[in-house]
Amino acid sequence: MQKINKEDLNGVLTVIGQVTSNDVKIDEDGNNEVALRLKYSRTTIFLFESTPLMVKRLQKYQKGDVIQISGHFINEWFPGQRKSSLPIITKVISAKKLGLLKT
């Protein structure tokens, strides 16, 4: 039987949503990081990824694309937030473009 660390326990979430912003930034270690914002239903979820292969894959998505993303899900509270935490996907497992939103 394999031993699992507490840090490895988390939820895995799959979201189908519309990209509302996609920025490539440089993180504290000098590596590229993608900061992507998805809107689905009436909810916005943020995605941060710094794995080089996944950064290359995620940076091609543009505003307005409908994508499906699966990854580790956390709720993060940041100083300055008044009421609730922000939903964030970290460690992307899979991502694919589904198309554009019908209008």
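## Aspartate 65

A residue is called buried under 20% relative accessible area, exposed over 50% and partly exposed in between, with a 1.4 Å probe and protein chains only. By that definition aspartate 65 is buried, its relative accessible area being 6%. The model is a predicted one: local features need pLDDT of at least 70, side-chain atom pairs count only at pLDDT 80 or more, and totals for chains, interfaces and linings use all residues. Residues are numbered from 1 along each chain as its sequence is written, and side-chain values use heavy atoms, with hydrogens and water left out.

Aspartate 65 belongs to strand 4, residues 65-76 (strands are DSSP runs of E, at least two residues, numbered from the N terminus).

## Contacts of aspartate 65

A polar atom of the aspartate 65 side chain lies 2.8 Å from the backbone nitrogen of glutamine 62. The side chain also makes a polar contact of 3.3 Å with that of lysine 97 (a pair of N or O atoms within 3.5 Å; within protein, one must be able to donate a hydrogen and the other to accept it, and residues adjacent in sequence count only if both atoms are side-chain atoms).

Leaving aside residues up to four places away in sequence, aspartate 65 touches residues including Gly17, Val19, Lys60 and Leu100 (heavy atoms within 4.5 Å).

## Pairing of strand 3

Strand 3 (residues 43-49) pairs with strand 2 (residues 32-40) in the antiparallel sense over 7 bridges; pairing requires that DSSP finds at least two bridges between two strands. Arginine 37 has phenylalanine 46 of strand 3 as its bridge partner. The two strands form a hairpin with 2 residues between them, and serine 41 in the turn has a positive phi of about 50°.

Strand 3 also pairs with strand 5 (residues 86-100), in the parallel sense over 2 bridges. There, isoleucine 89 in strand 5 is the bridge partner of leucine 47.

Methods: Helices (H or I, at least four residues) and strands (E, at least two) are DSSP runs, numbered from the N terminus.
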